[in-house]
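Take a look at the model below.

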Amino acid sequence: MGDPCHNQHMLLRAYISFISEYFTFPLQHLKDLKKAKKQKMKEIIQAMEAFNENLVGGKRLVKMLEREMPVVSVNSTSKSGMN
């Protein structure tokens, strides 16, 4: 007979090997999803930053155009025409 501790250790190693083989694919899939999520979040942040830059630029352009060409308010329904 061998050492009982050694036998338990060998059984534990075999069990861990079996379990790790069983979970290898799902764990790799989860790691891939995490990596894809991180990349997608970077893309979303870049898109949001670009949108914000365009929004700020658009506001500046509107202010510049308003200074150069003041907006004339036109009232489409005059009181005299509402009889």
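By the rule used here, the count comes to one salt bridge. A salt bridge is a side-chain nitrogen of Lys or Arg within 4 Å of a carboxyl oxygen of Asp or Glu. The side chains of lysine 40 and glutamate 43 form it, at 3.3 Å from N to O. The two are three residues apart in helix H1, so about one helical turn separates them.

A word on the source. This is a predicted model: local features need pLDDT of at least 70, side-chain atom pairs count only at pLDDT 80 or more, and totals for chains, interfaces and linings use all residues. Residues are numbered from 1 along each chain as its sequence is written, and side-chain values use heavy atoms, with hydrogens and water left out.

Now step back to the whole protein. It has one helix and zero strands. Both are DSSP runs, numbered from the N terminus: helices are H or I with at least four residues, strands are E with at least two. Buried residues make up 0% of the 83 residues.

Helix H1 covers residues 4-68. Its 65 residues should span 96 Å at 1.5 Å a residue, and its end C-alpha atoms are 92 Å apart, which agrees. The expected span is 1.5 Å times one less than the number of residues. H1 bends by about 45° at threonine 24. The bend is the angle between axes fitted to the seven residues ending there and the seven starting there. A proline, proline 26, follows within four residues.

Next come the aromatic rings. Rings of Phe, Tyr and Trp (its six-membered ring) pair if their centres lie within 6.5 Å; planes under 30 degrees apart are stacked, over 60 edge-to-face, and the rest tilted. The count comes to one aromatic pair. The rings of tyrosine 22 and phenylalanine 23 have centres 5.1 Å apart and planes at 90°, so the pair is edge-to-face. Tyrosine 22 is exposed, at 58% relative accessibility, while phenylalanine 23 is partly exposed, at 39%.

Notes. Buried < 20%, exposed > 50% of the residue type's maximum accessible area, 1.4 Å probe, protein only.
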